[in-house]
Amino acid sequence: MDTSKLFSLAGRSALITGGSRGIGRMIAAGFLAQGARVYLSARKAEACDQAAAELSELGTCVSLPADVSTREGIDELAARYRAREPSLDILVNNAGTAWSAPFDEFPESGWDKVMDLNVKSVFFLTQALKPDLAAAATDHLAKVINVASIDGLSMHPYETYSYHASKAAVLHLTKRMALRLIQDRIAVSAIAPGAFPSAMNTDARDTPGKILGHIPAARIGEPEDMAGVAIYLASRAGDYVVGSTVPVDGGVLLTR
């Protein structure tokens, strides 16, 4: 048994949605450090371009801005990626959003916006890029990694109805997609992050002291924590993980 290259991503290509900041950027940095060519996508072109330029210090990182909450944006992203690469080794469906409002005031727009980006884009972007993933799945498996949340597994006190529903949906969508796509040598799995500093989790980013008492590990998640599990799932090390979701939360789920 040779484990020296078990976690290597050398020579592989990865596309990461929502990759300009937060968890997506953490994963991108980890993939680059392991030798992958990384394509970042985000809705805001300027932020996407800047992130890719900064991460290029670690390796090949290219900006492909797109709005994957729409079918038009998904098709555009797939075409732009395809113009640069003949196949796709790793797809990370990370783009996401949230909406909070009291039950009696929760708007339809807050439902549709969250579900379109958090759930619909996961399915249809994977569908659009399935030929590219299958083309890469020759001497190794291609990978799809969906970024869910521990809030798809348990509740927090905020009234984020569509967010909770969307992340629970991603967990089951991951299982259903995994059963079908493994037939084409494409392994689908998911990550359920807990508290990591990001624009979506401002408590973890700006006031971590408010939530540390609820985290058994007594700290906020760090970039290496997220990069580590993503590298594991994307590399040969994670080839036998099919349809499973890995919580990365410092033990929070054990207390809910």
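This report covers aromatic pairs, a charged patch and salt bridges in a predicted model.

The structure holds 4 aromatic pairs. Phe 103 is exposed, at 58% relative accessibility. Tyr 161 is partly exposed, at 30%.

Tyr 161 also pairs with Phe 106. Phe 106 lies in the loop between β4 and α4 and Tyr 161 in helix α5, so the pair ties together parts 55 residues apart in sequence. Phe 106 has a relative accessible area of 18%; it is buried because the cut-off for that class is under 20%. Phe 103, Phe 106 and Tyr 161 make up one aromatic cluster.

**Positive patch**

On the surface, Arg 21, Arg 43, Lys 44 and Lys 113 gather in a patch of positive charge. Arg 21 is in the loop between β1 (13–17) and α1 (22–33). With 53% relative accessibility, Arg 21 counts as exposed.

**Salt bridges**

The structure holds 10 salt bridges.

| Residue | Partner | Distance |
|---|---|---|
| Asp 75 | Arg 71 | 3.2 Å |
| Asp 239 | Lys 143 | 2.8 Å |
| Arg 219 | Asp 225 | 2.7 Å |

Asp 75 and Arg 71 both lie in helix α3 (residues 71–82). They are 4 residues apart, so about one helical turn separates them. Asp 75 is partly exposed at 37% relative accessibility, and Arg 71 is partly exposed at 33%.

The bridge between Asp 239 and Lys 143 links distant parts of the chain, 96 residues apart. Asp 239 is in the loop between α7 (223–234) and β7 (245–248), and Lys 143 is in strand β5 (residues 142–147). Is this pair buried or exposed? Asp 239 is buried, at 15% relative accessibility. Lys 143 is buried as well, with a relative accessible area of 1%.

In the bridge between Arg 219 and Asp 225, Arg 219 is partly exposed at 38% relative accessibility. Asp 225 is partly exposed at 25%. Elsewhere, salt bridges with shared partners join Lys 130, Arg 180 and Asp 184 into one network.

Conventions
Residues numbered from 1 in each chain as written. Predicted model: local features only at pLDDT ≥ 70, side-chain atom pairs only at ≥ 80, totals over all residues. Heavy atoms only, no water. Phe/Tyr/Trp six-rings, centres within 6.5 Å; stacked < 30°, edge-to-face > 60°. Buried < 20%, exposed > 50% of the residue type's maximum accessible area, 1.4 Å probe, protein only. Helix = DSSP H or I, 4+ residues; strand = E, 2+ residues; numbered from the N terminus. Patch = residues over 30% accessible without salt bridge, like charges linked within 9 Å, V, L, I, M, F, W, Y side chains within 5 Å. Areas by Shrake-Rupley, 256 points an atom, 1.4 Å probe, with all protein chains shown as cover. Salt bridge = Lys/Arg side-chain N within 4 Å of Asp/Glu carboxyl O. Lys, Arg positive; Asp, Glu negative; His and termini not counted. Charge placed at Lys NZ, Arg CZ, Asp CG, Glu CD.
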